[in-house]
Amino acid sequence: MTTEAKKAGIAALSIAALGVVFGDIGTSPLYAFGTALQTIPDGNPGDVIAIASLIAWALIIIVTLKYVMIVMRADFNGEGGIFALYAIIRKTQLPIRIWRPLSLILVIGAALLYGDGTITPAISVLSAVEGLQTVDMALKPWVIPITAVVLILLFSVQRIGTGKLGRFFGYIMLFWFICIGVMGFMQIVHTPVVLQALLPWVGVSFMFHHIKLTFYVLGAVVLAVTGAEALYADLGHFGRRPISIAWHGVALPALLLNYLGQAAAVVHDPSLKSNSNLFYMLLPEGGLRMGMILLATVTTVIASQALISGIFSLTSQAVDLNYLPRFAVFHTSSSQRGQIYMPAINWLLAAICLLLVITFKTSDSLAGAYGLAVTGTMICTTAGLGFVLRCVKGWNLWAVIGVCGGLLLVEGCFLISCTFKLLHGGYVPVILGGGMMAIMIAWKSGRRLIREEVLENGNTPEEFAKMFSDQAVPRVPGTIVFVGRRPDGILAVAVAKEYLRRTGSVQQNIIILTLSTSWTNPYSAVHTLSTKEYENGITHVNASYGYMITPDAPRFVAEANEKLGGKLFADPEETFYVIFHEVIYEASGRLMSAWRRNLFSWLSRNVQPAQNYLYVPPRQIVEFSWMMRL
């Protein structure tokens, strides 16, 4: 690829990133500054400028310094998000006394991000549609119905894929950032004194002189950076460089101009302080303001995309790490593995968002529920980042303490501030996050206990083959395939031994089929197919396939059969596939607490059937459960 083509590709990805990654943080000016103003008693110009300073430096410290410059470099095979940190740290072989509490912290952060992801679409779209009230109060009864329709349309188009949506949304977001930047700049020109907000000591001085009030102010200031965690979660969709270019070149300058512009408008006219739609007051009444309301509505739909796509990525990673059951996943791009669509997660988010809109009714009410979950996730990310910088990147210990300690101090203040909103809606993301954490812990611990017992009975395919020489095993005509996802075949052999124990016999031809994913050839149905024959009619087939391909087990076995000259079977329709399934029937032991045991049992009974992701006809599947006292 030529240099010009590479530049064109990066430019296209940068614009697409504007449409997917920066939608949430890009629409925060609709409500963040106005909400922060409500926490101070009057419209004193010094206090207004101080709030603008706190927001500006929150963007610089949290988004630019932490996420764009540091955290996004901590990727795992190109993927971002808090589970990427988990995967990186898991490879460092930390002592168990450190690993266990750290893994719990990261799981808590991931669970809280689910809570935040349900509020973002609701508050973003609702805050934009509420702008209709600035045109005509008679339109107020239509705010909630219009918001509901917009949200339903948003979740309906997710199947298209974030890449295609990003290209379409990117140019709209580019226009949005230009507009809000110009709006702010025009106000700054008339009141240039607000440029003092770019001096860091202006906000710090306010905090020292108003210590008690500061915690209420910071609880609103954090609304300006709530999209930062989604920025990291969406890393796998576009890559670090395009996201960095989009942030430094477009998003950050436009946001700073708009927040300073809103401060300038209030300094010039203190009566605007009490206006809940301050953002729209930067424009004169008439067609221009109505046009901005329409643009804001479209943009907030795009804003919701950042969290939705981030939740898809987070869920996919959680499945890979055995923290969640398998969900149906559709890859929507052949060039970016992280661009996926998950129908079950998509419509669950849609239902919760609609419920929040109907329950809270206004963006001001939802603002009370916003912030607590995402600040908790930020702190968990910083904790994990410290270990990555020290153990993986090799940073000096004092440098890690300085960077992460400073970030934890800032984020800790935000978290404490958000706890004041706990009884005013802040409990919503906490409850949702707590529910997700319970599911992840129950599924992880249940899978671990059962997998440990399964592997205790497992051997390598070679050892399994020798077992038939040492003892007489009844054989029947036909071919049977034991499926597992460990390339060494131990899991599949454990399934084979359990099948033999239960049935007392096995077919003449035994295939140990192991499956693995290739991330370099997205559309390759079989990237590599290796076969190894052992004595006593046992063959190990290892298939690697592209991430855009759902594994087709019968096809893999058929190609292996052809490769070996047809000695494995004569009739593919009479070949049976044995798959291990973790359903608990004996749930009366003491290895798990009752609530985790019952939750795991319910989840395992509702996991996606094997035929849905292996292309094996139901009549050819033998799926059994590992019976264990948990």
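Asn536 sits in the loop that links β5 (528–534) to β6 (538–546); helices (H or I, at least four residues) and strands (E, at least two) are DSSP runs, numbered from the N terminus. This is a predicted model, in which local features need pLDDT of at least 70, side-chain atom pairs count only at pLDDT 80 or more, and totals for chains, interfaces and linings use all residues. Residues are numbered from 1 along each chain as its sequence is written, and side-chain values use heavy atoms, with hydrogens and water left out.

Although Asn536 is not a glycine, its phi is positive, at about 65°. Most residues other than glycine have a negative phi. Asn536 has 29% relative accessibility and so counts as partly exposed (buried is under 20% relative accessible area, exposed over 50%, partly exposed in between, with a 1.4 Å probe and protein chains only).

## The chain as a whole

The protein chain holds 25 helices and 8 strands. Of its 630 residues, 57% count as buried. Taking contacts between residues at least 6 apart in sequence, 83% join residues at least 24 apart; contact here means heavy atoms within 4.5 Å.

## Helix α11 and its two partners

Let's start with helix α4 (residues 45–68) and helix α11 (residues 211–221), whose axes come within 10 Å and cross at roughly 50°. Axes are lines fitted to C-alpha atoms, for helices over the stretch in contact, and angles run from 0 to 180 degrees between N-to-C directions. The angle makes α4 oblique to α11 (under 35 degrees is roughly parallel, over 145 roughly antiparallel, 65 to 115 roughly perpendicular and the rest oblique). From α4, Ile51, Leu54, Ile55 and Ala58 make the contact, with Val217, Leu218 and Val221 from α11.

α11 also packs with helix α19 (residues 397–419), at an angle of about 100° and with the axes 8 Å apart. The two helices are therefore roughly perpendicular to each other. On the α11 side the contact is made by Thr214, Phe215, Leu218, Gly219 and Val221, and on the α19 side by Cys413, Phe414, Ile416, Ser417 and Cys418.

## One face of α23

In helix α23 (residues 553–563), the buried residues are Ala553, Phe556, Val557, Ala560 and Asn561. Viewed down the axis of α23, these fall within an arc of 135°, so they line one face of the helix; the arc is that of the directions from the helix axis to the C-beta atoms. Just after α23 comes Gly565, with a positive phi of about 80°.
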